[in-house]
Amino acid sequence: MAETTLVALTPISIALLGGVLPALVWLWFWHKQDRECPEPKGLILLSFIAGMAIVYLVLPVEKYISYSLPWISQIIHTLSIQLNFSAPTDESLKIFLWSFTEEFAKFLVVFLIALQSKYFDEPLDAIIYLITAALGFAAMENALYILRDLAQGGLSQIILDGNLRFIGATILHTVSSAFIGITLALSFYYSRYVKIFVIALGILAASLLHTYFNLSIMGTQNVSDMLLVFAQFWLAIFVIIVLIRVNA
C-alpha cells in the first residue's frame, strides 16, 4: 500500500512534501515561542510563501555570479594587491556571493511584506518574520534538492539528504536570518539611517556565517565532522530561543 501510494505521487508532489513539511514543523515550533503576542497568521503565511518564491529569483542571480566569477575574481585579486590583503579563492568568493544573495533575498521578502505592515510593532517581530521567510526559502531549496535526487533515482539518497538538510541547511537559514532579525530588533527604536547601517552589517555578518557553514561542510571528511559543524548552529538556535523567551 505504501509503495503504491509513493508511486502514485508525482516527483514534484514528493519533493514538495519532503521539502515543505519539515519546514512547517520548524515554523510551528518557532511560532510557539511567540505565544505572548502572536503575529497574524495570514502575514506569516504570506512571508513563508514569499520566502519559497524568492528562490526562483535567487537561482538565476547565482548562475550569473558563477558565469561572471572570472572577472569578479580578477577585480578582487587586483584590489588585494593594491590594498595588501589575501585574496579569497574563487570557490570561497563564489560561496560568499551566493550566501550574500540568499541572505539579502530573505531580508528583502520581509522588508517588502512584513516591515511595511502595521503589525510590525515590536522588536521581536523582526526575528519572527525573518525566521519565517528563511523557513520558506529552505523549504523550496530542500524540495529542489529532493527533486534532483528523484531524477537520479536514489531513494536512499533522498532520505539521507532530507534528514541532513532538516538538521543542517534548514538550521543554517534559520540562524543566519535570525541574526539579521536580531540586528533589526536592536535598531528598532533608532533612526532610519542607524537602521540601514546596522541592517547592512547584519546582512554582511549573516553572509559570512552562511559562507562559514558551507565551507566547513565542504571540508568535512565524515558524518562526525559534519555533525560537529551542525552542533555549532544548534547552539545558536538555543541562544535565539532564549532571546525570544526573555523578550516575549
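Residues are numbered from 1 along each chain as its sequence is written, and side-chain values rest on heavy atoms, with hydrogens and water left out. Because the model is predicted, local features need pLDDT of at least 70 and side-chain atom pairs count only at pLDDT 80 or more, whereas totals for chains, interfaces and linings use all residues.

Rings of Phe, Tyr and Trp (its six-membered ring) were paired if their centres lie within 6.5 Å, with planes under 30 degrees apart taken as stacked, over 60 as edge-to-face and the rest as tilted; by this rule the count comes to six aromatic pairs. The ring centres of F100 and F104 are 6.2 Å apart and their planes stand at 15 degrees, so this pair is stacked. Both residues belong to helix α5 (residues 90-113), where they are four residues apart, about one turn of the helix; helices are DSSP runs of H or I with at least four residues, numbered from the N terminus. Relative accessible areas are 35% for F100 and 38% for F104, and each residue is therefore partly exposed, a class lying between buried (under 20%) and exposed (over 50%), for a 1.4 Å probe and protein chains only.

The rings of F213 and F233, with centres 5.0 Å apart and planes at 85 degrees, form an edge-to-face pair. This pair links distant parts of the chain, as F213 lies in helix α9 (residues 192-218) and F233 in helix α10 (residues 223-247), 20 residues apart. F213 is buried at 5% relative accessibility, and F233 is likewise buried, at 3%.

A single aromatic cluster is formed by F120, F188 and Y189. K195 lies over the face of F188, at 5.6 Å from the ring centre, and the charged end of K106 sits over the ring of F137, 5.9 Å from its centre; the criterion requires NZ of Lys or CZ of Arg within 6 Å of the ring centre and within 35 degrees of the ring normal.

Methods: Helix = DSSP H or I, 4+ residues; strand = E, 2+ residues; numbered from the N terminus.
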